[in-house]
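User: I have a structure open here and have not seen it before. Can we walk through it?

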Amino acid sequence: MAKLQRRSWAEPFKIKMVEPLKMTTRSEREAAIVEAGYNTFLLKSEDVYIDLLTDSGTNAMSDNQWAGMMLGDEAYAGSKNFYHLEENVQKFYGYKYLVPTHQGRGAENIISQILIKKGDFVPGNMYFTTTRLHQELAGGTFVDVIIDDAHDSENLNPFKGNVDLQKLESLITKVGEKNIPYVTVAATVNMAGGQPVSMENIKQVRALTSRHNIRLILDATRAIENAYFIKRREPGYADKSIAAILKEFCSHTDGATMSGKKDLLVNIGGFLALNDYEVFEEARNMVVVYEGLHTYGGLAGRDMEAMARGIEEAVQYDHIKARIGQVEYVGEKLLSIGVPIVLPIGGHAIFLRRALPRFRHSCDGTRHCIRGQEQRNGGSLLSKARTRATHIPTPCVYSGTLRCSCGIGGNRF
Ligand SMILES: Cc1ncc(COP(=O)(O)O)c(C=O)c1O
């Protein structure tokens, strides 16, 4: 008898609350997508049955997180939830100082404004849109130093998010270390399809940046997913806990920007974490202007509590295994029916290499009422994300990447 296999993505939780969905007819869905100008960002949520637009902020929170929401200390200053979050960021990420922000881009704005001066260069392993824009608004020029493999959607490199040390070193030689305030490493790399960075690579980047006195700032938005890939793929880490890998990874960096809406299982929240007291002091002053006092940074006390508790849950091996297992499962199903997707299957999203006309049609909500999004992938594939964001109707385009971030698969749903 064939051995019964446990599905890798079996969920380590029970569902005890449901959110009713509106059931629509095909003609209602067709009308909705026409009304939205074929722009999935303009669809109303209630018209979408399966929403694969993004993993961002779409998490289902646990009973423990909801219980924490009831313990929100909404004092203007010194909320106890801030101290809980600070304690957990120190414990799990290892950074000394914490500045909460309303979401990741709030932290990106602050760090960019503090460290970048006009004419600087900011290297990174590909980029996330808001990260790069904040760097540019602060007067910097982004330079992509990711390995070439990341731009090849069929390359099977297990660590396609790695920084190319040669590219980084050449940039330092060309523009001079004084003109590089910091290097950004995102782990995992969203735009490359949720591809991870190896521990070996971050150590080498650290060694190189240290030799040149350049700071290293982590985009830790999905660093827990990254830790899972290290455990699964990198020699020497199979027996280490996700928490230990996460902390080791962060220890090679000087600070981090964080969008808690992904790894940390909340619907809103983020932070800037730092080791350098002087930079922290500046950030603590600046957050007051852009977000709110330094002990709430644009968040309610209850949101900080949910994020503090989310960290503890997110580093549990069974949780992260199921979270990424769901994405693998969907990806493998798509591969088995011949849908061309970016390989290897990433942590939080499935990127299609080409949107097939029929599938594309489905994703725009008419056939099955599924919503996805298109976005630029390292410049090598066609993007419509910006067009969508600027509300210009986009006709069906059959080249380009269609990202199905698993708002359903990657998250607890
Ligand atoms: C890798 C990465 N960094 C930063 C951000 C920005 O975070 P937020 O949306 O919380 O501002 C995102 C959002 O998707 C992201 O994926």
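User: Let's start with helix 4. Is it enclosed or open to the outside?

Analyst: This is a predicted model. In it, nine of the 12 residues of helix 4 are buried, so the helix is largely enclosed by the rest of the structure.

User: Which residues of helix 4 are the buried ones?

Analyst: They are G104, G106, A107, E108, N109, I110, I111, S112 and L115.

User: And what span should helix 4 have, going by its residues?

Analyst: Helix 4 covers residues 104-115, and at 1.5 Å a residue its 12 residues should span 16 Å. The C-alpha atoms at its ends are 17 Å apart, which agrees.

User: What about helix 10, how far does it reach?

Analyst: Helix 10 takes in residues 277-290, 14 residues in total. From first C-alpha to last it reaches 20 Å, close to the 20 Å expected at 1.5 Å a residue.

User: Which of the residues in helix 10 are buried?

Analyst: V279, F280, A283, R284 and V287.

User: Why would buried residues in a helix be spaced like that?

Analyst: An α-helix has 3.6 residues a turn, so residues three or four places apart point the same way.

User: What covers the buried residues of helix 10?

Analyst: The cover includes strand 2 (97-101), helix 4 and strand 8 (270-274). Just after helix 10 comes G292, with a positive phi of about 155°.

User: Let me step back. How many helices and strands does the chain have?

Analyst: The protein chain has 14 helices and 12 strands. It has 413 residues, and 50% of them count as buried. Among contacts with a separation of 6 or more, 72% are between residues 24 or more positions apart.

User: Now the core. Which residues touch the most other members of the largest nonpolar core?

Analyst: V185, L246 and A273 do, in a core of 89 residues. Domain 1 (26-55 + 317-405) and domain 2 (64-314) both give residues to this core, so it lies between them.

User: Strands next. Is strand 6 covered or exposed?

Analyst: Strand 6, residues 215-219, is mostly covered, with five of its five residues buried. R215, I217 and D219 point one way, L216 and L218 point the other way, and all are buried.

User: Which strands does strand 6 pair with?

Analyst: Strand 5 (residues 182-186) is joined to strand 6 by five bridges, and the two run parallel. V183 stands opposite L216 there. Strand 7 (residues 255-259) is also parallel to strand 6, through three bridges. D219 has T257 of strand 7 as its bridge partner.

User: What comes between strand 5 and strand 6 in the β-α-β unit?

Analyst: Helix 7, residues 199-211; together with the two strands it makes a right-handed β-α-β unit.

User: And how do strand 3 and strand 4 pair?

Analyst: Strand 3 (residues 121-124) and strand 4 (residues 141-144) pair in the parallel sense over four bridges. P123 is opposite V143. The chain gets from strand 3 to strand 4 through helix 5 (residues 129-137), in a right-handed β-α-β crossover.

User: Which residues other than glycine have a positive phi?

Analyst: Among them are Y38, with phi near 60°, and M126, with phi of about 65°. Y38 is in the loop between helix 1 (26-35) and strand 1 (50-51). M126 is in the loop between strand 3 and helix 5.

User: Are Y38 and M126 buried or exposed?

Analyst: The cut-off for buried is 20 or more other C-beta atoms within 10 Å. Y38 has 21, so it is buried. M126 has 27, so it is buried as well.

Notes. Residues numbered from 1 in each chain as written. Predicted model: local features only at pLDDT ≥ 70, side-chain atom pairs only at ≥ 80, totals over all residues. Core = buried A, V, L, I, M, F, W, Y, C linked by C-beta atoms within 7 Å. Domains from an automatic or database assignment. Expected span 1.5 Å × (residues − 1). Pairing = 2+ DSSP bridges. Right-handed = clockwise from strand over helix to strand, strands pointing away. Contact = placed C-beta atoms within 7 Å.
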